[in-house]
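Subject: A structure for you to look at

Hi,

Here is the structure I promised to pass on to you. Please open it next to this email, and then read on for what turned up in it.

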Amino acid sequence: QVQLAESGGGLVQAGGSLRLSCTASGGSIFSINSMGWYRQAPGKGRELVATVTKGGTTNYGDSVKGRFTISRDNPGITVYLQMNSLKPEDTADYYCYAQRVWGRAYDYWGQGTQVTVSS
């Protein structure tokens, strides 16, 4: 199994920066292929923010390209999201995500961390 622990959310003014971290733990962490972040704003569905594979391939949601950067540490069990030039529309609950493949794909989610951007 995989557990995900997030940190780094908070309140920031528009134009500011925040860094989110997520660390995976559990007996199956070394079969994790992809990790990343999704977000959900009040009254909206969950949307992709960014993901990164063990091989370093990244994928970003259109609304954050050029402002957010995802990275992953060498063991591949901690993922970081550097968020710059934050906008009020970035306000949401941010969820860490991990996928491992062992015969089939298994998806895991963190409990979420809140990011609020004031105008």
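Where does S85 lie? S85 is in the loop between strand 8 and strand 9. I will come back to that residue below, after some background.

This is a predicted model, in which local features need pLDDT of at least 70 and side-chain atom pairs count only at pLDDT 80 or more, while totals for chains, interfaces and linings use all residues. Residues are numbered from 1 along each chain as its sequence is written, and side-chain values use heavy atoms, with hydrogens and water left out.

The overall picture

The protein has eleven strands and zero helices. Here helices (H or I, at least four residues) and strands (E, at least two) are DSSP runs, numbered from the N terminus. Along the sequence the pattern therefore reads β-β-β-β-β-β-β-β-β-β-β.

For size, the C-alpha atoms fill a box of roughly 45 × 25 × 20 Å along the principal axes. The radius of gyration is 14 Å, which agrees with the value near 14 Å for a compact globule of 119 residues. That radius is taken over C-alpha atoms, and the globule rule is 2.2 Å times the number of residues to the power 0.38.

Of the 119 residues, 43% count as buried. Buried means under 20% relative accessible area, exposed means over 50%, and partly exposed is in between (1.4 Å probe, protein chains only). The protein exposes about 6,200 Å², and carbon and sulfur atoms supply 46% of it; the areas come from the Shrake-Rupley method with a 1.4 Å probe, and for residues only the protein chains shown count as cover.

Contact means heavy atoms within 4.5 Å. Among contacts between residues at least 6 apart in sequence, 54% join residues at least 24 apart.

The aromatic rings

A pair of aromatic rings is described by the distance of the centres and the angle of the planes. Rings of Phe, Tyr and Trp (its six-membered ring) pair if their centres lie within 6.5 Å; planes under 30 degrees apart count as stacked, over 60 as edge-to-face and the rest as tilted. By this rule there are three aromatic pairs. One of them joins Y38 and W109, whose ring centres are 5.3 Å apart with planes at 70°, so this pair is edge-to-face. It links distant parts of the chain, as Y38 is in strand 4 and W109 in strand 10 (residues 104–109), 71 residues apart. Y38 is partly exposed at 21% relative accessible area, and W109 is partly exposed at 37%.

W109 also pairs with Y97, and this pair is tilted, with 5.0 Å from centre to centre and 50° between the planes. Y97 belongs to strand 9 (residues 92–102), twelve residues from W109 in strand 10. Y97 is buried, with a relative accessible area of 9%. Ring pairs link Y38, Y97 and W109 into a cluster.

Y80 is in strand 8 (residues 78–83) and counts as partly exposed at 22% relative accessibility. Not counting residues up to four places away in sequence, Y80 touches R19, L20, S21, W37, T69, I70, S71 and D73. The C-alpha atoms of Y80 and G36 are separated by 8.2 Å, although the two are 44 residues apart along the chain.

Some loop residues

Most residues other than glycine have a negative phi, and most peptide bonds are trans. Back to S85, then: phi of S85 is near 50°, a positive value in a residue other than glycine. S85 is partly exposed, with a relative accessible area of 39%.

The loop between strand 3 (18–25) and strand 4 (32–40) holds S28. Is S28 buried or exposed? At 15% relative accessibility, S28 counts as buried. Leaving aside neighbours within four places in sequence, S28 is in contact with Q1, V2 and R100. G26 is found in the loop between strand 3 and strand 4 and is partly exposed at 34%. With neighbours within four places left aside, G26 is in contact with Q1 and Q3.

Finally, D62 sits in the loop between strand 6 (58–60) and strand 7 (68–72). D62 counts as exposed, at 65% relative accessibility.

Enjoy exploring, and write back with any questions!

Best wishes
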